[in-house]
Amino acid sequence: MSDLAIDVRGLTKRYGDRAVVDNVDLQVAPGRICGFLGPNGSGKTTTIRMLCGLLKPDAGSGTCLGLDVIRQAREIKRQAGYMTQKFGWYEDLSIRENLDFIARLFEIAQREQAVDQALQRLGLTQRQDQLAGTLSGGWKQRLALAGCLIHQPRLLLLDEPTAGVDPKARREFWDHIRRLAQEGITVLVSTHYMDEAERCDELVYIAYGKVLAHGTEAQIVQEAGLPAGASLEEVFIKLIDRAQDNFK
């Protein structure tokens, strides 16, 4: 059994003749925040869905939280929290009602206590009776994260969780993420924001379904052959140019 929170090799997903995710290797240690970057259509969401058991890989193998990604997908779902790009809970239910519904899905024994803890953890207690549909983007984001945490997962898979959210709400969200990592929760988070990428412990850059770089920010800059101090945006432009040359 791997000691890594995520340890997959050769992960592949095809739709027709097209490999949306193509032979991806990914290893992340427990308690790390791993930024998952790449252009739209690069395979980030598909990879995340395979890791959390929502999609079955066409090829490859490995584990999440020591559980086989193919044979134990159901068990992975119960130990991972997945936050989608778009708010996916019920807008005609209150914050508390949404969290209670999620707790029922996970068959949490002390449901009321779990909901109270989730509300308090994300600063939602004062708004618990507010309908989800009336919340701003930042507060919907907090509700979605609270829903991800209610069953006390050991792995969080966050798919562009701060898209369309104002800068203050983004900063507050990342403060929550850092505290969760300090508690030992592993986080894989996709983002297009370079300031968020700089807050990650390590980065993975994917394009055309292939991993082009994986390491700390300093390692990725060095391996790209750019001088120290080069921006991540410069690095990723260079990686894309190289990848495009390979596809010509």
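Strand E3, spanning residues 33–37, is mostly covered, with 5 of its 5 residues buried (buried means under 20% relative accessible area, exposed over 50%, and partly exposed in between, with a 1.4 Å probe and protein chains only). Helices (H or I, at least four residues) and strands (E, at least two) are DSSP runs numbered from the N terminus. The model is predicted: local features need pLDDT of at least 70, side-chain atom pairs count only at pLDDT 80 or more, and totals for chains, interfaces and linings use all residues. Residues are numbered from 1 along each chain as its sequence is written, and side-chain values use heavy atoms, with hydrogens and water left out.

E3 runs parallel to strand E8 (residues 186–190), to which 4 bridges join it; two strands are taken to pair if DSSP finds at least two bridges between them. Within E8, valine 187 is the bridge partner of isoleucine 33. Another 4 bridges link E3, again in the parallel sense, to strand E9 (residues 202–207), where glutamate 202 is the bridge partner of cysteine 34. In general, strands of a sheet pair through backbone hydrogen bonds, either parallel or antiparallel.

These pairings belong to an open sheet of 6 strands, in the order E6-E7-E8-E3-E9-E10, whose pairing is mixed. E6 and strand E10 (210–215) are the edge strands, each pairing on one side only. On average, neighbouring strands of this sheet are turned by 15° against each other, direction ignored. Axes are lines fitted to C-alpha atoms, for helices over the stretch in contact, and angles run from 0 to 180 degrees between N-to-C directions. Helix H1 (residues 44–51) packs on the sheet and touches E3, E6, E7, E8 and E9, its direction making about 155° with that of E7; contact means heavy atoms within 4.5 Å. H5 likewise packs on the sheet, touching E6 and E7, and its direction makes about 160° with that of E6.

E6 pairs with strand E7 (residues 155–159) over 4 bridges in the parallel sense, and methionine 83 stands opposite leucine 158 of E7.

Helix H5 (residues 137–149) comprises 13 residues and reaches 19 Å from its first C-alpha to its last, close to the 18 Å expected at 1.5 Å a residue; the expected span is 1.5 Å times one less than the number of residues. H5 is mostly covered, with 11 of its 13 residues buried, including Leu143, Leu145 and Leu149. The buried residues of H5 pack against E6, helix H3 (95–105), helix H4 (111–121), E7 and H6.

Histidine 151 is found in the loop between H5 and E7 and counts as buried because its relative accessibility is 13%. A polar atom of its side chain lies 3.4 Å from the backbone oxygen of cysteine 148. A polar contact is a pair of N or O atoms within 3.5 Å; within protein, one must be able to donate a hydrogen and the other to accept it, and residues adjacent in sequence count only if both atoms are side-chain atoms. Leaving aside neighbours within four places in sequence, histidine 151 is in contact with Lys77, Arg78, Ala80, Gly81, Phe106 and Ile108.

For helix H6 (residues 167–182), the 16 residues should span 22 Å at 1.5 Å a residue, and the end C-alpha atoms are 23 Å apart, which agrees. The buried residues of H6 are Ala169, Arg170, Phe173, Trp174, His176, Ile177, Leu180 and Ala181. Seen down the axis of H6, these buried residues fall within an arc of 155°, so they line one face of the helix; the arc is that of the directions from the helix axis to the C-beta atoms. An α-helix has 3.6 residues a turn, so residues three or four places apart point the same way. The face of H6 turned away from the buried side carries the exposed residues Pro167 and Gln182. At the start of H6, a side-chain oxygen of aspartate 166 reaches to within 3.1 Å of the backbone nitrogen of lysine 168. Glycine 184, with a positive phi near 100°, follows H6.
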